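Let's take a walk through this structure together, going from the whole chain to its sheet and then to its ligand.

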Amino acid sequence: MTDAVRAALRAQRIELPSWAFGNSGTRFKVFAQRGVPRTPYEKVEDAAQVHRYTGVAPTVALHIPWDKVDDYTDLAAFAGECGVGLGTINANVFQDDDYMLGSVTSPDPVVRRKAVDHLLECVEIAAGVGVRDVKLWFSDGTNYPGQDSIRARQDRLAEALRETYEALGEGQRLLLEYKLFEPAFYTTDVPDWGTAYAHCLRLGPKAQVVIDTGHHAPGTNIEFIVAFLLREGKLGAFDFNSRFYADDDLMVGAADPFQLFRIMHEIVVADALAPEAGIAFMLDQCHNIEPKIPAQIRSVMNVQEATAKALLVDHRALTEAQQAGDVLGANAVFMDAYNTDVRPLLAQVRQEMGLDPDPVAAYARSGYADKIVADRVGGQQAGWGA
Ligand code: LRH
Ligand code: MN
Ligand code: MN
C-alpha cells in the first residue's frame with residue numbers, strides 16, 4: 001500500500017501563484033521586503049526555487065495585467081530554462097477605475113465591452129503559450145439595495161461568459177471562481193458555488209468551477225462542495241489558502257489543517273488527485289509579513305501532508321464501518337489517518353525524487369535569499385497592482 005501512496009505523492013502537482021512572490025499587504029500597510037521580484041521574469045525565477053526544493057510545483061500561474069509582458073512565448077521559454085512552465089492565466093477586471101460599478105456586469109455597455117475584451121485577451125495569451133486554463137474571478141456586485149438589478153446583472157454575466165467560452169480553443173477551459181463578498185458588500189454577482197455551477201452548466205463541458213478555500217462563510221462545509229462538484233464533473237480547480245476571518249490569503253493548512261485533510265480525502269475517494277484527472281491544485285496566497293519563497297515551500301508541504309494523510313485512510317475499513325452503521329468505528333478509521341505523522345513518509349518520497357528531505361532547510365542553506373537581496377537593487381518591486 002505505501003508504494004502506491006508514495007507513487008501518488010511523487011506524481012502530485014501544485015501550481016504556484018506569481019503574485020505570492022511580490023509585495024502584498026492589507027489596505028492599512030504593505031511592508032516591502034528586500035529582494036522581491038521586479039518583473040514577471042523574476043517572479044518565475046522565485047517560483048522555480050519552490051519547485052527545485054519540493055519537486056511537485058512545476059507551474060506558475062500568471063495574473064494579467066500584473067504579469068503583462070511583451071512576449072509571453074519568451075517568458076514561457078525563460079520559465080523552461082528555470083525548470084518550470086507557465087500555468088493558469090488569471091484575468092484581472094477588478095483594478096481599473098472603469099470597473100467601479102462592475103466589469104462584465106456593469107450597467108455601462110462600454111465598460112462591459114472593455115472587460116470582455118480583457119477576458120478574450122487572457123484566452124489568447126493562454127492559447128499562445130499552450131496553457132489549458134483561464135481563471136475568472138469577478139469583484140462585481142453592488143453595495144446598496146436597489147443600486148442595480150440583480151437579474152439584469154446575471155444576464156450580463158451570462159452573456160460575457162458565453163462570449164469568452166466561445167473563444168476557448170480545443171482543450172482549453174474556463175474556470176469560474178466564486179467569492180462570498182468583498183469588494184461588493186450587498187450583492188456579489190458570483191457569490192457561491194451554486195451560482196458558479198449554474199453558469200458553468202449552461203456554458204458546457206469546458207466550463208468548470210474553482211473553489212477558493214478562503215471564499216466561504218465561516219463554518220461552511222467545503223468538503224461537501226468538493227464532493228458534490230466532483231460527482232457532477234464540474235470541479236475544475238482549487239485556489240488554496242487559509243482564512244482566519246475573510247479571504248486572508250494566508251498559508252494553506254495554517255488555520256485548519258483538518259479541513260484541508262477532509263478536502264483531500266474527497267479528492268482521493270473520487271480518484272481525482274492525479275494530474276490526468278483534470279483538477280488544478282493551485283495556491284492563491286500572499287505573504288505579507290513572512291518571507292515569500294519559504295512560505296510557498298511550506299504551503300506546498302502543507303498540501304502534501306494533508307494529501308498523504310488522505311491517501312493513508314483505510315478505505316476498506318472505512319467502507320465496512322460505514323455500511324455496518326458503525327459511526328464510531330468509521331470516525332476512528334478516518335481520524336487514525338489524520339493523526340498519522342506523515343513527515344517521515346514525505347521525507348522518504350523526497351529522497352526517492354532525489355530531493356533534500358527537508359525543503360525549507362535546503363532552501364535556507366542555498367543562499368538564494370541573500371543573492372536576490374544583493375542582486376535586485378533598483379527598479380520597482382512587484383506588488384498587487386504592479
Ligand atoms: C479574489 C482572488 C481571485 C484573484 C486573486 C488575486 O479574492 O481570490 O482568485 O484572482 O484573489
Ligand atoms: Mn482566488
Ligand atoms: Mn481571494
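What percentage of the 386 residues in the protein chain is buried? Buried residues make up 46% of them, where buried means that 20 or more other C-beta atoms, placed from the backbone, lie within 10 Å of a residue's own. Please keep in mind that this is a predicted model, in which local features need pLDDT of at least 70, side-chain atom pairs count only at pLDDT 80 or more, and totals for chains, interfaces and linings use all residues. Residues are numbered from 1 along each chain as its sequence is written, while chains are lettered from A and ligands numbered from 1 in the order in which they are written.

Now look for the open sheet, in which 8 strands are paired in parallel in the order β1-β2-β3-β4-β6-β8-β9-β10. Two strands pair if DSSP finds at least two bridges between them. β1 (16–17) and β10 (280–283) stand at the edges with a single partner strand each, so one side of each has no neighbour in the sheet. Further in, 4 bridges join β8 (residues 207–212) to the parallel β9 (residues 235–240), and Ile211 has Phe238 in β9 as its bridge partner.

Finally, turn to ligand 1. Around it are Asn90, Trp137, Glu177, Lys179, Asp212, Asp239, Asp247 and Asp284, counted when the C-beta atom, placed from the backbone, lies within 6 Å.

Methods
A residue is buried if 20 or more other C-beta atoms lie within 10 Å of its own, exposed if 12 or fewer, and partly exposed in between; C-beta atoms are placed from the backbone. Helices (H or I, at least four residues) and strands (E, at least two) are DSSP runs, numbered from the N terminus.
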